[in-house]
Amino acid sequence: MSTPLADTTNPDLGLLHAVNGLAKHAPRWLDHLVSWIGEYGILIGLAALGLTAWLQARRRPDAPVAVAGLLWVPLSVAIAELANLPIAAIVDRPRPFVDHPDLLVLVEGKAGTHSFVSDHSTMTMGVAVALFLVNRRLGWIAGGLALLQGFCRMFMGVHYPTDVIGGFALAVAVVLLLAPIAMAVLVPFCHALTRTALAPLVRAPERAAKASRGAAQRGRRRGRPVRSEDQPPESDLAA
């Protein structure tokens, strides 16, 4: 049995009909394109942004901190998705096309699944916010993709606007509230990796060599022996 959330207010349902109405008047190729983008394309794009961010983070002076921030991206998304499981079960909101069969549904296999909160919206906004904490430029791009994801889900007729907004809010809350705890664990972990054979995953080889030379020069200027664990000063997390 669904909750009163299934009986949407006019603004919620009106916006859904307005966006989904675009699909009804669009050519079939465009409907298929938007469906693919909304199901897979944006997630692939976010994965590419994450890879780009990692390649850049390895070359930063504060590489262990930046890579730690990137590790928080998939972890925060996983936590947000786990948090969504009880929320979806409690709210028990059916997909919009269940109560409104006049909607055009562009993707199959959604019947019988929960509508609130939108998993895709949660994932994309979680990636965007966590990525923004490490790399602002890429974070803004990911944020644009997250907004596009929300539009696509309504265009496809599988989510109400409030499902999308709920997913965004859940992702932002999880990422920002738990980030300090996560970084307190991940930063020392990444620093430890720099002293193992996995160091290239955290710091680019040329950056590691420069850091070692810089530490040696500072040690000579200060008249003290150089230790291998000397590290360059770390900058702010986001660049």
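Me: Where do Phe-151 and Phe-155 lie?
Reply: Both are in helix H6, which spans residues 136–155, and they sit four residues apart, about one turn of the helix. Helices here are DSSP runs of H or I with at least four residues, numbered from the N terminus, while strands are E runs of at least two. This is a predicted model, in which local features need pLDDT of at least 70 and side-chain atom pairs count only at pLDDT 80 or more, whereas totals for chains, interfaces and linings use all residues. Residues are numbered from 1 along each chain as its sequence is written, and side-chain values use heavy atoms, with hydrogens and water left out.

Me: How many aromatic pairs are there?
Reply: There are two. Rings of Phe, Tyr and Trp (its six-membered ring) pair if their centres lie within 6.5 Å; planes under 30 degrees apart count as stacked, over 60 as edge-to-face and the rest as tilted.

Me: What makes the pair of Phe-132 and Trp-140 edge-to-face?
Reply: The centres are 5.5 Å apart and the planes stand at 80 degrees, which is over 60, so the pair is edge-to-face.

Me: And why is the pair of Phe-151 and Phe-155 called tilted?
Reply: Its centres are 5.9 Å apart, with 40 degrees between the planes.

Me: Which of the two, Phe-151 or Phe-155, is buried?
Reply: Phe-155 is, at 4% relative accessible area. Buried means under 20%, exposed over 50% and partly exposed in between (1.4 Å probe, protein chains only). Phe-151, at 33%, is therefore partly exposed.

Me: What makes Trp-140 exposed?
Reply: Its relative accessible area is 64%, which is over 50%, so Trp-140 is exposed. Phe-132 has 28% and counts as partly exposed.

Me: How do you know that the charged end of Arg-58 sits over the ring of Trp-54?
Reply: The rule asks for NZ of Lys or CZ of Arg within 6 Å of the ring centre and within 35 degrees of the ring normal. Here the distance from the centre is 4.9 Å, and the charged end of Arg-58 does sit over the ring of Trp-54.

Me: What makes Asp-12 and Arg-93 a salt bridge?
Reply: A salt bridge needs a side-chain nitrogen of Lys or Arg within 4 Å of a carboxyl oxygen of Asp or Glu. The closest N and O atoms of Asp-12 and Arg-93 are 3.0 Å apart, so the pair qualifies. Asp-12 is in helix H1 (residues 10–25) and Arg-93 in the loop between helix H3 (63–91) and helix H4 (96–99), 81 residues apart. The structure holds four salt bridges.

Me: Why does the pair of Glu-39 and Arg-153 tie together parts that are 114 residues apart in sequence?
Reply: Their closest N and O atoms are 2.6 Å apart. Glu-39 lies in helix H2 (residues 28–57) and Arg-153 in helix H6, so the pair ties these parts together. Glu-39 and Arg-153 are both buried.

Me: Why does Arg-60 count as buried?
Reply: Its relative accessibility is 12%, which is under 20%, so Arg-60 counts as buried. Its salt-bridge partner Asp-62 is buried too, at 0%.
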